[in-house]
Amino acid sequence: MKTVRLLLLASAIFIAEYSFAKPATPLVYEVNLNDRANDQFKVTLHVNGLTADNAIYQFAATAPGTYQIMDIGRYVRSFKAFDGKGRELKTKQIATNQWQFDQPQNVRTVQYSILETWDTPVNEHKPYNMCGTSIEKDHVLINGQGVFGFPSGMQSSPIKLKLDYPAEWSVGTALEKNAKGYFTTANYDRLVDSPILLGRLTKATTTVAGAQIDVYTYSKTDKIKSDQLLANMQSMLNAAGQFLKQLPVKRYTFLYHFEDQDWGAWEHSYSSEYVIREEEFSKKLADNMTSIAAHEFFHVVTPLNIHSEIIQQFNFVTPTPSEHLWLYEGVTEWASKAMQLRGQIMDVPAYFDELSQKIAYDKSVDTTYSLSKLGLTCYTDEGQRQYGNIYARGALVAGLLDIRLLELSNGKRGLREVINELATTYGPNQAFPEKEFFAIFTQKTYPEIADFFDRYIKAAEPLPFSAYYGKLGITYNPSIPTGQKVPSMGIGAGLVDNKIVLTTLGDSLRNAGLQEKDEWIAYNGQPVSLETMPAIQNELKKQAVGAVYSMTVKRNGQEITVKSTVAEKELIKKYVFQVDPQATPAQVQLREIWQRNL
């Protein structure tokens, strides 16, 4: 696992024009952020002309691109409806995420309070923090599905949003504001697609390939500024412009939140949002943010411009998975690294290291779990246990597909070219048929690609790294002994359902009674969590041979603590890619095209 953050990259590109009847008047929401007491958002909705078709007020069960159950109705603490004279009307909660109006035709105002998700404990399915909501003294984070609902049948209604907040605050969002100070959106989907960060923010702006790029940053102790992040990001943005030939958006907004938690990022159509632990600004931090941003930013192509009808018409009530998660996340992760390699931001050894880390992650989970199956089960607990592999195996498969396409086209047309062509064919407002995409892709390319899809996406055959990278004059070795002795604790861990679980164990820990899939809850008495993991990882690296340490896990509700000793083992390099000095001229030629395919 590269970092905990690898598991938390989630995509949110929602372009839906859900085919409900549109009333003449918009839904008008107001949120009083001057009152931030009790960690609750105080929301008022003004409506007119509701009918029996609009009798259910729906909160989101999930949100596009999160691939997790959220059940936002769990956070509602009061819910009331009033008529035009301010008289309260009867309402009733009929399901976790649904409230029913007794007299919808008389409803003019709906008022409710809803808790933030960050600091509200729940028994299961806690929303990822970058997909959640937070209210603090000097800032607020809003992800639309965590604050707003909609009357049934009105998902496509136009929306106006008024936010009341301290005068000294700044607001970062991709939403547009009208002359009266209301943010406006075409529908509920676009509202959810547009996170909002408010508070004591810094801002920086640039233009790339004709698109305005805005960066807003909240940094708890002002260690990190927007202009620092943007300066480091500039070359990546330029490389993205080259990779895509032109940017498919006219404005894009980066929202950075640096505080005490390290969760990752959530991408949207015209913005992306990051929840990262604050530390002193450094080149290493900036490079890490740029690498993550490269992934988020590429989502302006997939799935903003290439998506199936399942994403085009998102169902907030009942989550519906798409088989093509490999396209939305795997291809995006591949492209985020490929464009850095080809833009000479990342050198070849660093790119090889990325491949090695992804193979290691793929080997740590169920290698029989296909990418198609992962897409179709992503909302289930079973699928969530495999979910992080969409960024590992998904990206590895995309890289192999790129090589195969370059080989079949004699270096003229790789995955980049096909993706750009598909983006032109479809675009934001036209979806591809969910069941026909493999055939469409094959028809646009080569018959041999159907076999590739069958073996490496629909099924989970071992990935042919040696054969495919060999076409480029690059050798692959699953392991290379070094003869060097190093300390070893034999611990591997991954994230499952927001819990850190053991994935690999050394013999001493196994003999002491620990098992794979145990939840890791403490190390040397220190609680293990997403928040503490960076510090614990640093401590693990400093352990010397012979040092005694304790591990505490939870299994079937019971805590188990064992002690073990740091052992010594030979360092074996795993999953090693190297340029072959004896490559043929044809291999060298194809490698040069692969490496500079812009």
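1. Let me start with a helix contact: Ala398, Leu401, Asp402 and Leu405 of α9 meet Leu415, Arg416 and Val418 of α10, where contact means heavy atoms within 4.5 Å. Helix α9 covers residues 393-408, and its axis lies 8 Å from that of α10 at an angle of about 100 degrees. Axes here are lines fitted to C-alpha atoms, for helices over the stretch in contact, with angles from 0 to 180 degrees between N-to-C directions. The two helices are therefore roughly perpendicular to each other; that label is for 65 to 115 degrees, while under 35 counts as roughly parallel, over 145 as roughly antiparallel and the rest as oblique.

2. A quick word on the basis of all this: the model is predicted, local features need pLDDT of at least 70, side-chain atom pairs count only at pLDDT 80 or more, and totals for chains, interfaces and linings use all residues. Residues are numbered from 1 along each chain as its sequence is written, and side-chain values use heavy atoms, with hydrogens and water left out. Helices (H or I, at least four residues) and strands (E, at least two) are DSSP runs numbered from the N terminus.

3. Helix α2, residues 226-244, is worth a look for its bend of about 45 degrees at Met233. The bend at a residue is the angle between axes fitted to the seven residues ending there and the seven starting there. Met233 is itself among the buried residues of α2, which also include Leu229, Leu230, Met236, Leu237 and Phe243. Buried means under 20% relative accessible area, exposed over 50%, and partly exposed in between (1.4 Å probe, protein chains only). Among the elements that cover the buried residues of α2 are β18 (202-208), β19 (211-219), β20 (251-259), α3 (283-298), α5 and α10. After the helix comes Lys245, with a positive phi near 75 degrees.

4. Helix α5, one of those covering elements, runs over residues 325-342 and spans 25 Å from its first C-alpha to its last, close to the expected 26 Å. That expectation is 1.5 Å times one less than the number of residues. In α5, 18 of the 18 residues are buried. Gln344 follows α5 and has a positive phi, near 60 degrees.

5. On to the strands, where two count as paired if DSSP finds at least two bridges between them. Strand β2 (residues 27-32) pairs in the parallel sense with β13 (residues 159-164) over 6 bridges, with Glu30 partnered by Lys162. It also pairs in the antiparallel sense with β3 (residues 40-46) over 4 bridges, and there Tyr29 is partnered by Leu45.

6. An open antiparallel sheet has 4 strands in the order β7-β8-β4-β12. Its edge strands, β7 (91-95) and β12 (150-151), each pair on one side only. β7 joins β8 (residues 98-101) through 4 bridges, and Gln93 stands opposite Trp99.

7. Strand β24 (residues 491-496) is largely enclosed by the rest of the structure, because 5 of its 6 residues are buried. β24 pairs in the antiparallel sense with β25 (residues 499-505) over 6 bridges, and Gly494 has Val501 as its bridge partner.

8. Finally, Asp451 in helix α12 (residues 448-458) is partly exposed, with a relative accessible area of 41%. Asp451 and Glu568 are 117 residues apart in sequence and 45 Å apart in space, C-alpha to C-alpha.
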